[in-house]
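Subject: Structure handover

Hello,

Here is the structure I said I would pass on. My notes on it follow below.

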Amino acid sequence: MSMGCIYCGQSVINQSPMTIPGKGVAHLRCFQTDQALKRTFQTLDISKLNDAELADLKEIVIAEENARNKDNYDIELF
């Protein structure tokens, strides 16, 4: 069994390795770097969206933010 990081290939022995389910072991910093560079959110790989899909996602996120902040924009008229 190999104890090399799935991202950099270097040994993870005595370096507090973490297990990536279905993939293998990795250094924490390598895993965090990979996640940041892939631009993923949960299971959604944002970098794979085309321009139209990205625009749709942006509109959905803005609509959700507006719905959650609705109470902050209530105006009372006297």
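A salt bridge here is a side-chain nitrogen of Lys or Arg within 4 Å of a carboxyl oxygen of Asp or Glu. Side chains of opposite charge can pair when their charged atoms come close.

The model is predicted, so local features need pLDDT of at least 70 and side-chain atom pairs count only at pLDDT 80 or more, while totals for chains, interfaces and linings use all residues. Residues are numbered from 1 along each chain as its sequence is written, and side-chain values use heavy atoms, with hydrogens and water left out.

There are two salt bridges by that rule. One joins the side chains of Glu-64 and Arg-68, at 2.7 Å from N to O. Both residues belong to helix α2 (residues 51-68), four residues apart, about one turn of the helix. Helices are DSSP runs of H or I with at least four residues, numbered from the N terminus. Arg-68 is exposed, at 66% relative accessible area, and Glu-64 is partly exposed, at 38%; buried means under 20%, exposed over 50% and partly exposed in between (1.4 Å probe, protein chains only).

Asp-34 and Lys-38 form a salt bridge too, at 3.7 Å from N to O. These two lie in helix α1, again four residues apart, or about one turn. Lys-38 is partly exposed, with 29% relative accessibility.

Helix α1 (residues 28-38) also holds Gln-35, which is partly exposed at 26%.

Regards
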